[in-house]
Amino acid sequence: MGGVLVIHENRGLNEHIRTVAGRFAAKRILRIALDLLSEEGGTGAFPGEAEVAAALAQVPPERFVADMKAALSELKRRLRGKKLCAVGYCFGGNMVWRLLTSNEPRLAAGAGTTGHSRKAGPSKVPVPRYFGIYGGLDTRVLATKPAAKAALEAARLKHELLTVTEADHAFFNDTGARFNPAHGATEAWRRTLNWFDAADSRQD
């Protein structure tokens with residue numbers, strides 16, 4: 001695999017997301033873990049998670065998309081000729097969905113874990129592959145699955161939408177109370193890597 005853009009939850013770029021980025025690095029994958037509050041001084045400039053979430057809620061989504069595209073440009077500069085992927089968790093999954101539907105042609109694949117938009121997006125998306133992971137107990141996000149499926153089918157993207165029956169929202173976060181390695185987290189990591197590897201092996 002070439003490079004991966006890692007997008008954080010609404011807790012910002014914290015130690016958990018740095019650890020996730022490190023796991024990609026351990027697989028010899030170049031990664032950028034983007035702090036979407038960089039213009040506000042970064043996640044560390046805020047006293048706690050509540051303030052981070054509040055600050056993220058005030059930023060226009062268009063700026064997030066622009067920042068993600070800039071990060072992809074940096075990955076592309078470092079990895080000429082290699083394919084790029086993006087993965088996001090919770091809030092970050094929603095951000096990857098926005099990137100997916102922003103007419104961004106440089107992504108070979110995207111993946112989102114428990115964080116998708118209710119907005120279906122445009123019918124034509126240039127990303128060849130998308131992998132979405134839902135928690136079966138996460139009723140709020142799970143309710144967005146039909147719209148996501150319809151949009152992906154309309155765009156004729158190769159996709160898979162996995163529902164982990166016994167997992168709740170944020171089940172991948174190993175610092176949170178809902179962390180679920182036995183029913184979700186381990187399998188989500190394995191299958192995300194496989195999905196990105198498959199994208200990298202394409203000859204288009």
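Visitor: How does the length of helix α3 agree with its number of residues, and why?
Guide: The expected span of a helix is 1.5 Å times one less than its number of residues. Helix α3 (residues 61–78) has 18 residues and should span 26 Å, and its end C-alpha atoms are 26 Å apart, so the two agree. Helices (H or I, at least four residues) and strands (E, at least two) are DSSP runs, numbered from the N terminus.

Before we go on, a word on the ground rules: this is a predicted model, where local features need pLDDT of at least 70, side-chain atom pairs count only at pLDDT 80 or more, and totals for chains, interfaces and linings use all residues. Residues are numbered from 1 along each chain as its sequence is written, and side-chain values use heavy atoms, with hydrogens and water left out.

Visitor: Which residues of α3 are buried, and what do they pack against?
Guide: Buried means under 20% relative accessible area, exposed over 50%, partly exposed in between (1.4 Å probe, protein chains only). An α-helix has 3.6 residues a turn, so residues three or four places apart point the same way. In α3 the buried residues are Arg63, Phe64, Val65, Asp67, Met68, Ala71, Leu72 and Leu75. They pack against β1, β2, α2 (49–58), β3, α4 and β4, with contact meaning heavy atoms within 4.5 Å.

Visitor: What is the strand order of the sheet?
Guide: Two strands pair if DSSP finds at least two bridges between them. Here 6 strands form an open sheet in the order β2-β1-β3-β4-β5-β6, and the pairing is parallel. At the edges sit β2 (30–34) and β6 (158–164), each pairing on one side only. On average, neighbouring strands are turned by 15° against each other, direction ignored; axes are lines fitted to C-alpha atoms, for helices over the stretch in contact, and angles run from 0 to 180 degrees between N-to-C directions.

Visitor: Is β3 enclosed or open, and why?
Guide: Of its 6 residues, 6 are buried, so β3 is largely enclosed by the rest of the structure. Leu84, Ala86 and Gly88 point one way, Cys85, Val87 and Tyr89 the other. Parallel to β3 (residues 84–89) runs β4 (residues 107–113), joined to it by 6 bridges; Cys85, for instance, has Ala109 as its bridge partner. Another 5 bridges join β1 to β3, also parallel, and there Gly3 is partnered with Leu84.

Visitor: Where does helix α4 lie?
Guide: Helix α4 (residues 91–100) lies across β1, β3, β4 and β5 (129–135), at about 145° to β3. Together β3, α4 and β4 make a right-handed β-α-β unit: with the strands pointing away from the viewer, the path from the first strand over the helix to the second runs clockwise.

Visitor: How many aromatic pairs are there?
Guide: Rings of Phe, Tyr and Trp (its six-membered ring) pair if their centres lie within 6.5 Å; planes under 30 degrees apart count as stacked, over 60 as edge-to-face and the rest as tilted. The structure holds 5 such pairs. One of them, Trp97 with Tyr130, is edge-to-face, at 5.5 Å centre to centre and 75° between the planes. Trp97 belongs to helix α4 and Tyr130 to strand β5, 33 residues apart, and both are buried.

Visitor: Is Asn103 buried or exposed?
Guide: Asn103 counts as exposed, because its relative accessibility is 54%. This residue is in the loop between α4 and β4, and has a positive phi of about 60° although it is not a glycine.
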